[in-house]
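Please keep the sequence and the structure open while reading.

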Amino acid sequence: MIADRLQAVTQRIAKCCEKSGRSPDDVCLVCVTKGVEAGVIREALAAGVQVLGENRVQDAAVKHCLIGDTASWHMVGHLQTNKVRDAVRIFSLIHSVDSLHLAEAIDKEAARVRKVQDILIQVNVSGEESKFGIPPDQVFPFIKEAGLLPHVAIRGLMTIAPESADPDAARPHFRRLYELQDEINERRLVMDELTILSMGMSDDFEVAIEEGSTMVRIGRAIFGEKEQPGSGGQ
Ligand SMILES: *Cc1c(COP(=O)(O)O)cnc(C)c1O
């Protein structure tokens, strides 16, 4: 069941890549397992999933304990500074860095355990007040500061498009993120070129791939719809 859904998603990704003249190897699938129990996650792993995305550190810690590092763990949800210690221990990539204060806390904790923590900058491209993320015009100053932190490596940008019944409505937001990344690289604001564009979820990942996404975060299309009080809302 999970295997079938997963295969359908990976086929859609491959087809979309082909249509856009891109290689399917250029798009990483992050399987978002918030609210999904360990047994089902194991099913996904057996079906070939390699990257798991969680949006709460506490939940991730429990599952990580059960499942371990057979997959890579990514943090996709808002991260509070008081959860940074566990986050740095568990996650190979934190998609959701949205303040300098948080980046500094990650740097400090990563230094303590002698790790360089890969991060993405979450950008609030749409400007919705309900969303976390740095406003686009604050990204350059953010990079200037966060780029100096020795135990944090900025790898790219992440955004969440506004909810809409029409996937195409997300296109301008994805395009804007792509252009922002392009400009950062062109101006050489970072030592190592940013290569990860984390954009696209169950309802809009094909549009995101067309607009240059290199990492799609997909939950419902693989695990089905379910009510999860308090787990959405970003
Ligand atoms: C839940 C979540 C996803 C996955 O969303 P689906 O619509 O279930 O594919 C992706 N990114 C973030 C930040 C999320 O919280």
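F132 is found in the loop between β5 and α6 (139–146). This is a predicted model, and in it F132 counts as partly exposed, because its relative accessibility of 34% falls between the limits of 20% for buried and 50% for exposed. F132 and D98 are 34 residues apart in sequence, while their C-alpha atoms are 6.8 Å apart in space.

**Other loop residues**

- A47 has its place in the loop between α2 and β2.
- With a relative accessibility of 33%, A47 counts as partly exposed.
- A47 and H64 are 17 residues apart along the chain, and 18 Å separates their C-alpha atoms.
- R114 sits in the loop between α5 (100–112) and β5 (117–122).
- R114 is not a glycine, yet its phi is positive, at about 55°.
- The relative accessible area of R114 is 76%, so this residue is exposed.
- R188 belongs to the loop between α7 and β7 (196–198).
- R188 also has a positive phi of about 55° although it is not a glycine.
- R188 is exposed, with a relative accessible area of 71%, which is over the 50% limit.

**Helix α7**

- Q181 is placed in helix α7, which covers residues 171–186.
- Is Q181 buried or exposed? Q181 is buried, because its relative accessible area is 6% and the limit for buried is under 20%.
- In sequence Q181 and V139 are 42 residues apart; from C-alpha to C-alpha they are 9.9 Å apart in space.
- N185 lies in helix α7 as well.
- The relative accessibility of N185 is 16%, so N185 counts as buried.
- A polar atom of the N185 side chain lies 2.8 Å from the backbone nitrogen of L194.

- Why is strand β1 (residues 28–32) largely enclosed by the rest of the structure? Four of its five residues are buried, and therefore the strand is largely enclosed.
- β1 pairs with strand β8 (residues 215–218) in the parallel sense, over four bridges.
- In this pairing V30 stands opposite R217 of β8.
- β1 also pairs with strand β2 (residues 51–54), again in the parallel sense, over two bridges.
- The bridge partner of V32 in β2 is G53.
- Between β1 and β2 the chain passes through helix α2 (residues 38–46), and this β-α-β crossover is right-handed.
- In a regular strand, side chains alternate between the two faces of the sheet.
- Both faces of β8 are covered: M215 and R217 are buried on one side, and V216 and I218 are buried on the other.

**Ligand site**

- Which residues are around the ligand? They are V32, K34, V76, I160, M201, S202, R217, I218, G219 and R220.
- This shell divides into five nonpolar residues, two polar residues and three charged residues.
- The side chain of K34 has an N or O atom 2.8 Å from an oxygen atom of the ligand.
- A polar side-chain atom of R220 likewise lies 2.8 Å from an oxygen atom of the ligand.
- For R217, an N or O atom of the side chain is 2.8 Å from a nitrogen atom of the ligand.
- The ligand taken alone exposes 380 Å², and the protein buries 94% of that.

**Where the strands and the ligand site meet**

Note on methods
Residues numbered from 1 in each chain as written. Predicted model: local features only at pLDDT ≥ 70, side-chain atom pairs only at ≥ 80, totals over all residues. Heavy atoms only, no water. Near = heavy atom within 4 Å. Polar contact = N/O pair within 3.5 Å; in protein donor to acceptor, adjacent residues only side chain to side chain. Areas by Shrake-Rupley, 256 points an atom, 1.4 Å probe, with all protein chains shown as cover. Nonpolar A, V, L, I, M, F, W, Y, C, P; charged D, E, K, R; others polar. Buried < 20%, exposed > 50% of the residue type's maximum accessible area, 1.4 Å probe, protein only. Pairing = 2+ DSSP bridges. Right-handed = clockwise from strand over helix to strand, strands pointing away.
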